[in-house]
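Subject: Structure for you to look through

Hello,

Here is the structure I said I would pass on. Please have it open while you read the notes below it.

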Amino acid sequence: MISRHRRAVGVVLALHSAAALAGLAPPWLLGTIVDQVTAGASVATVDRLALVIAGCVVVSALLARYAQYAGHRFGERAVAELREQFVDRTLALPVSVVERAGAGDLATRSSVDVATVGTTVRDVVPTIVIATVQLTMLFGAVFLLHPLLGLAALAGLPSIVTVTRWYLRRASSAYLTEGAEAAELTEALTTTAEGARTVEALRLADDRVRYGTARVARVWRARRATLALRTVFFSTVEASYPLPIALVLLVGGYLLSADLVSLGSVVAAALYLQQAIDPMDRLLQWTEQAQRGFASYARVLGVGLVPPEQPGVTATSRGERLVVRGARFAYADGHDVLHGIDLEVRPGERLAVVGPSGAGKSTLARLLAGIDAPREGVVSIGGCPVTDLDPAERRRRIALVTQEHHVFIGSVRDNLAFAAPDATDEQMRAALATVGADWFDALPEGLDTALGDGARQLGAAEAQQLALARLVLADPHTLILDEATAALDPSTARRTERALAAVLVGRTVIAIAHRLNTAHDADRVAVLADGRITEIGSHHELVAAGGAYAALWRSWHARADAR
C-alpha cells in the first residue's frame, strides 16, 4: 500500500523529519542560555536566544501540522483503495464461500477492520517512523554532548526492549482472537435482528439472549486478555522513564565536578531525555495500535487469499440439455445429503421437484446452478460440467432465484439494472408487469423511486416480485426457481406464476415446489426423499401410481379444500 504512494509517503516523512530537527534546537539553546548566564552574559543575549527558541517552536509546530495534514490525506486515499479492493475481492469469491463466511464476519471485516487499518496507515506508521527518527536524533544529541551522558541515557532501554519483545510475541494472536470473537458477536446480533419475527413467533427470545450473552462473554474474555498484555507492557515502560534522567543527572554532576562538561550541557541532556518521553510514549502506544492494525489487515487481506471463482471456459453451445449423473454432495465435515442423483432435463421442459423439508431440494438446485460442485458425479449442461463454465457464461445460461431476496439501496431502476444494465425503461416496466407487480403503478416517482433504509420499504411479497422481474430481464435459457413465490400469498403467487408462464415458453424451468399446483402444471415431477429421487413422471402418472407423490397430492389437496 505504501509503495503505491511513495511520493505522498516521502512528503510526510520529510515534513516530520524537518519538524523533529526543529524540535532539537530548544533544549540545546536553553543549555546555551545557562552557560551564557553562568559566564555573565547580558539580558540582550538571553533575549536573542529566547526568540530563537520561540521561532524553532513555531517552525516545528507548523511543520508537524502540515505533516499530519499530508499524512491524513495519504491515509484516506489508501483506505479508500483498500475498501474498493475488499469489495472487488469479495465479489470475486465463489457464492458458497461468501455464504459460509456469514454476513457478520464480512461486515466486521469491511467496517471495523478496514477502519482500524485506516488508523494504522494514516497515523500509526508515520508516527512510528517519525518517533523512531526523533528518538535517534535525541539520543544522538546526548551522545554528542558527552559519550558518558549518552551511555547513561540508555539505562532504561533494556527493560523497555525486553517487555516490548514479550508483548509482541503474544499480541498478534491475541488481537486476531479478539477480532474473530467480535465478528462472531456481530454475526449473532445480525442473525437475531434479521430473524426477529421468527424468534418472536417460536418464542426463542430467551435462547437468543443466552446465545448472545455467551458471545459477549467470549468477546469480554478476549479483550481482557489483550488488556492484561497492555497492563504489563505500559506499566513496565512507564517505570523505565525516570531511570535514565536520574542517571544522566548523577553522571552529569560527576562530569561537571571534573570540568569535563558544562552545566548547560547537563541541563540540555536532561531536557533531551525529558523530551524523548513523548516520542517514546507515542512509539510504544502506537506499537500496540499497530498490532490491532496488522491483525485487522490480515483479516482484510485474508479475503483475497481465498481462491476466487475460477474463470472456467466459455463453452461452445452444444445444446441446453441439463444432465446429472451419480451426483453426491455433502456440506463441510458432514454426511452426504444427496445420494447418487441421476436426472436429465430436456431443453424447454418444465420439471417440478417436490418432497418433504430436508429432502435436499435446495441443495440439488444449488448443484444445478453451479453454486456448489458435487462430491462425486457430474452436473453438465450441453455436455460441459456446469462448474467448469466461465461464471459469466454460466449465469447467462442458468439463473437461480430462491425464496431469499434482497432489495439494494437505490432506485427501482438501480435494482432492476443489476440483471440487465442495458435494459430500457420500457423493458423494466414490462418486466414488473409480467410478474404482476401492481404496486409499481402507485409509486410516486416510478422507476426513480428510492428503495431501502430511509426510503420506500418493500414488503416481502413486493421484494420477491422485484427479484422475479430481475429474472425476466436477465433472460436466461434455464431457470431454477427454488420456492421463488414462497413469500407471496396463494392468490398473488398463482397470478404471478401464470404471468411468468407466458414468459417462460421455450425455456427450461426447474421449480422447487412447495405448492403442488406448480407440480400439476409441470411436464414432469421428480420426488426427492432423503437425498434420493424416488419417483419421476408426469403429475397424472404419479397420482395413478399411488406412491409418495399421490399421498402428497391428496394431503395438499385436502388442505387446500379445507381453506
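A surface patch is made of residues with over 30% relative accessible area and no salt bridge, and nonpolar side chains are joined within 5 Å. Please keep in mind that this is a predicted model.

One nonpolar patch of this kind covers about 420 Å², and Val 58, Leu 62, Tyr 66 and Tyr 69 make it up. Tyr 66 lies in helix α2, which runs over residues 43–92. Its relative accessible area is 46%, so Tyr 66 is partly exposed.

Next, the backbone. Most residues other than glycine have a negative phi. Arg 203 is not a glycine, yet its phi is positive, at about 55°. Arg 203 sits in the loop between α7 (196–201) and α8 (205–240). Arg 203 counts as exposed because its relative accessibility is 77%.

Asp 475 is not a glycine either, and its phi is also positive, at about 55°. The loop that holds Asp 475 is between α15 (460–474) and β9 (478–482). With a relative accessibility of 42%, Asp 475 counts as partly exposed.

Last, the confidence of the prediction. The average pLDDT of the protein chain is 82, and 89% of the residues score at least 70. Where in the chain is confidence lowest, and where is it highest? The lowest is in helix α16 (residues 490–503), with a mean of 63. The highest is in helix α13 (residues 412–417), at 91.

Regards

How values were computed: Residues numbered from 1 in each chain as written. Predicted model: local features only at pLDDT ≥ 70, side-chain atom pairs only at ≥ 80, totals over all residues. Heavy atoms only, no water. Patch = residues over 30% accessible without salt bridge, like charges linked within 9 Å, V, L, I, M, F, W, Y side chains within 5 Å. Areas by Shrake-Rupley, 256 points an atom, 1.4 Å probe, with all protein chains shown as cover. Salt bridge = Lys/Arg side-chain N within 4 Å of Asp/Glu carboxyl O. Helix = DSSP H or I, 4+ residues; strand = E, 2+ residues; numbered from the N terminus. Buried < 20%, exposed > 50% of the residue type's maximum accessible area, 1.4 Å probe, protein only. pLDDT = per-residue confidence, 0-100.
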